[in-house]
Amino acid sequence: MRKNVGSSSRATATWNSHNIVIFCDLCIKEVEAGRRPGTHFNKDGWENLKLNFKKETGHEYGKVQLKNKWDALKIEWKLWKELVGKETGLGWNPSKGTVDASDEWWTNKIQINPDYGKLRKKGISPEMEEKLDRMFMNSHW
């Protein structure tokens, strides 16, 4: 019997933007310490993430919840890189949290990949993109 329900792999993790930033910062620390030998963390990396995330946020998430967030962020990052990675002349609207681009640009992009539509109302800020780059660059994706 488990004593701590919060570490259950079935518990749903709740993520707000503050906790996502903390998670990213902790992931960067583990990546830069060499504890992501391939596409995911090694055993020590996951343990450090669990312990430090609990210390920083008070949330006791297990490896499953943390890995799910890692995977979801990676999917969003890859989609973002496909959308804006090679584009020039795009701006960032910090008040809206979106890319400054014409309706025509968005229509064309969404025709190419309908998943881009979800990034129209909420994009990845330059600060967050830099964090995600540090987390996922040079991984075998």
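What is the volume of the second largest pocket? The second largest pocket has a volume of about 160 Å³, and the largest pocket holds about 310 Å³ of space. This is a predicted model, in which local features need pLDDT of at least 70, side-chain atom pairs count only at pLDDT 80 or more, and totals for chains, interfaces and linings use all residues. Residues are numbered from 1 along each chain as its sequence is written, and side-chain values use heavy atoms, with hydrogens and water left out.

**Pockets**

- Rolling a probe the size of a water molecule over the atoms shows where empty space is left. Here a pocket is an open set of points, on a 1 Å grid over the protein atoms alone, where a 1.4 Å probe fits and where protein lies on both sides within 12 Å along at least five of seven lines; lining residues have an atom within 4 Å of a point. A volume is the space filled by probe spheres set on the points, which are joined across faces, edges and corners.
- The largest pocket, with about 310 Å³ of space, is lined by 14 residues, of which Ser17, Lys122, Gly123, Ile124 and Met128 are the closest to its centre. Two or more lining residues come from each of helix H1 (17–32), helix H3 (63–84) and helix H6 (126–136), where helices (H or I, at least four residues) and strands (E, at least two) are DSSP runs numbered from the N terminus.
- By class, the lining of the largest pocket has seven nonpolar, four polar and three charged residues; Ala, Val, Leu, Ile, Met, Phe, Trp, Tyr, Cys and Pro count as nonpolar, Asp, Glu, Lys and Arg as charged, and the others, Gly among them, as polar.
- The second largest pocket is lined by Trp80, Val84, Glu87, Leu90, Gly91, Trp92, Val99, Ile124, Ser125, Pro126 and Glu129, with at least two residues supplied by each of H3, strand S1 (91–93) and H6. Its lining divides into seven nonpolar, two polar and two charged residues.

**Cysteines**

- A disulfide is a covalent bond between the sulfur atoms of two cysteines. With a disulfide taken as a pair of cysteine sulfur atoms within 2.5 Å, a search of the whole structure finds zero disulfides.
- The sulfur of Cys24 has its closest cysteine sulfur in Cys27, and because the two are 6.3 Å apart they are too far from each other for a bond.
- Cys24 counts as buried at 0% relative accessibility, and Cys27 is likewise buried at 0%; buried means under 20% relative accessible area, exposed over 50%, and partly exposed in between (1.4 Å probe, protein chains only).

**Salt bridges**

- Side chains of opposite charge can pair when their charged atoms come close. Eleven salt bridges are found in a search of the whole structure, each being a side-chain nitrogen of Lys or Arg within 4 Å of a carboxyl oxygen of Asp or Glu.
- Lys54 and Glu60 form a salt bridge whose closest N and O atoms are 3.6 Å apart, with Glu60 partly exposed at 27% relative accessibility and Lys54 partly exposed at 40%.
- Within helix H3, Lys67 and Asp71 lie four residues apart, about one turn of the helix, and their side chains meet in a salt bridge at 2.7 Å, N to O. Lys67 is partly exposed at 29% relative accessible area, and Asp71 is partly exposed at 22%.
- Glu130 pairs with Arg134 in a salt bridge, the closest N and O atoms being 3.7 Å apart, and these two residues of helix H6 are four positions apart, or about one helical turn. Salt bridges that share partners join Glu32, Glu130 and Arg134 into one network.

**Helix H6 and Lys131**

- The buried residues of H6 are Met128, Glu129, Lys131, Leu132, Asp133, Met135 and Phe136, and what covers them includes H1 and H3, contact meaning heavy atoms within 4.5 Å.
- Lys131, found in helix H6, is buried with a relative accessible area of 18%. Not counting residues up to four places away in sequence, Lys131 touches Val21, Cys24, Asp25 and Ile28.
- After H6 comes Asn138, whose phi is positive, near 65°.
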